[in-house]
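Subject: Structure handover

Hi,

Here is the structure I promised to pass on. Please open it next to this email and follow along.

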Amino acid sequence: MRFRFIVIVLAAILAACSSPSPTTSSSSGTSSAPSGDTIKIGVDLPVSGADASIGIPTQNGAVMAIEEANKNGFGGGKFKLEAALLDDAVQGKHDPAAGAQNVKTFISDSDVLGMIGPFNSNVAKSEIPLTNDAGLVQISPSNTNDALTVGDGAKALRTSHPDVNSYFRVCTNDSNQGGALAQFARKKGFSKAFIIDDNETYGKGLADSFAAHFTKLGGAVLGHEHITSNQQDFKALLTKVKSTSPDVVFFGGTTSTGGGLIRRQMGDVGMAKVAYMGGDGISDPEFESVAGSLADGSYFSVAAPDATKLASAKKFVTDYQARFKQPIGGYSASAYAATKVLIAAIDKAVSADGGKMPTRAEVLANVAATKSFPSPIGDIGFNQFGDSLNPALTLQEVRSGKVVTVDVISVKS
C-alpha cells in the first residue's frame, strides 16, 4: 500500500508539472498535442502484493522497450520517452477502481500519448470507457476476456465514441484459451471436471469457455461453483467437490483470488492426487509458492507464446536477463512487444508531423493501422476490434516443483 501511495503521489506531481490542458478526442479523431520534448507512456499493472510476481516482470518488459528506444535515438533524438509507472493493486490484489484512477491520471497528463496495460480483464473493463472517451490508446499484454473487444459487452464499454476503438491486445482471448485447455484436458484423459471460478470478469469468462468446450468434446461437467471475494477457506466447498469424484478440478481466476489456496487445500480434504487446471491467472510463480508441494499435478495456459522457446525472442530473453538479473515472466515479451508497437506508432506520427510532437489521435490511428509489426513473439497486427491477428498460447504443467512447457499453439481470434 505504501508503495502504491508513493507512486500515485509522484504521478500526480508529474501531471501537475506538465501541460495543464488534458488531451481529449472525439469520433472525428482530433486532439491537441502536448508541449515540451518528453513523451510519456503510461504503464498500469499490478506490481505489489500477490500479483507482483507476474506484474513486475510484465512491467519490466515495457520499461526495457522504452529504454531501448531512448538509447537508439527515438524521434531522431529530439524527444525522450518516459515510463509513467502506476500500480493498480490494492491490498495485494488487482483493483478495478485503482486502475480507473490510474487511467484518469494518465489522461490528465497531456504528455502521455498512450498506455500499456492493464494486466487483468476486470481492471480493463473499468478503464476502457475512460480511454475511449479520451481517445487515449491502450495496449494490453494479457487481457483475455472476449467481451472487452466483441459483442454487446464491448459496445457497452464504448458509449462515448462507439465508432472509435482505443483498446488493443497482443494476447489471445478466453474463447481460444478455454478451448485449448479443454482439448488439453481431454488429451490427458480427463473426462469428469468440477469447475470453480472467482466470479470476476476474467475468471468466470474463462471457466464458462472451458465448460462449453469440455462438454462439446465429450467431457462431463459435474458442477460449477463461484467463490466470494477474499475467501480464504475452501474446505467445505472442496468436500462437496470431492463427493462428485472428479478427475480434474478447473479453476477460473488468479492466484490472488484463491487459485493457489484452493490447490493447497485440496490436499486437506483428500484430493491431493486429483489434477488441477486453470488459465494464465495461475501461471505466476506466486501460485507455486502458495500451493507448495501440491503445485505438482497442476496444468495451466499462458495466453501468449513461451518466449524462451522462440528463435525470434532469443535476443530479447538474453537482454532481459542481463538488464533485470532474473528470468522473464510469462508476459514480459508480450509487454515488450506491445510497447514497441506503441513506440513505433508515436515515432511514425512524429515523422509525419515533420518532427513535431504528435497528438493522441494520430498515435491511435497508427496503432489501429498496425497489421504486421515484427516482435519477439511474432508479427503483431490488430483487427477492427483490437484483437491480435496472430495470437498464440502456451500450455504448461508443474512437474517436481518446476514449470514445464508442454506445447505452444498458434490460434486465430
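Two strands pair if DSSP finds at least two bridges between them. Strands (E, at least two residues) and helices (H or I, at least four) are DSSP runs, numbered from the N terminus. Two notes on the source. This is a predicted model, so local features need pLDDT of at least 70 and side-chain atom pairs count only at pLDDT 80 or more, while totals for chains, interfaces and linings use all residues. Residues are numbered from 1 along each chain as its sequence is written, and side-chain values use heavy atoms, with hydrogens and water left out.

**Strand S1 and its partners**

Start with strand S1 (residues 38-45). Eight bridges join S1 to strand S2 (residues 80-87), and the two run parallel. Glycine 42 has alanine 84 as its bridge partner in S2. Between S1 and S2 the chain passes through helix H2 (residues 52-71), and this β-α-β crossover is right-handed. That label applies if, with the strands pointing away from the viewer, the path from the first strand over the helix to the second runs clockwise.

S1 is also joined to strand S5 (residues 112-116), by four bridges, again in parallel. There, glycine 42 stands opposite methionine 115.

Why is S1 largely enclosed by the rest of the structure? Seven of its eight residues are buried. Buried means under 20% relative accessible area, exposed means over 50%, and partly exposed lies in between (1.4 Å probe, protein chains only).

**Nonpolar cores**

A nonpolar core is a set of buried Ala, Val, Leu, Ile, Met, Phe, Trp, Tyr and Cys residues joined through side-chain atoms within 4.5 Å. The largest one has 52 residues. Ile139, Leu342 and Ile346 have the most contacts inside it. Elements that give two or more residues to this core include S1, H2, S5 and helix H12 (332-352). H12 gives the most, with 11 residues. Another core, of 23 residues, lies apart from it; Phe234 and Val398 are among its members.

Now look at isoleucine 139. Neighbours within four places in sequence aside, its contacts (heavy atoms within 4.5 Å) include Met115, Phe168, Leu342 and Phe382.

**Aromatic pairs**

Rings of Phe, Tyr and Trp (its six-membered ring) pair if their centres lie within 6.5 Å; planes under 30 degrees apart count as stacked, over 60 as edge-to-face and the rest as tilted. The whole structure holds 11 aromatic pairs. One of them joins phenylalanine 184 and tyrosine 299, edge-to-face, at 5.7 Å centre to centre and 80 degrees between the planes. Phenylalanine 184 sits in helix H6 (residues 174-187) and tyrosine 299 in strand S12 (residues 298-302), so the pair ties together parts that are 115 residues apart in sequence.

Phenylalanine 210 and phenylalanine 250 are stacked, at 4.0 Å centre to centre and 5 degrees between the planes. Phenylalanine 210 is in helix H7 (residues 201-216) and phenylalanine 250 in strand S10 (residues 248-252), 40 residues apart. Phenylalanine 210 is buried, at 0% relative accessibility.

**Backbone points to check**

Most residues other than glycine have a negative phi, and most peptide bonds are trans. The bond from glycine 117 to proline 118 is cis, with omega near 0 degrees. Proline 118 is in the loop between S5 and helix H4 (121-134).

Lysine 325 is not a glycine, yet has a positive phi of about 60 degrees. At 70% relative accessibility, lysine 325 counts as exposed.

Best wishes
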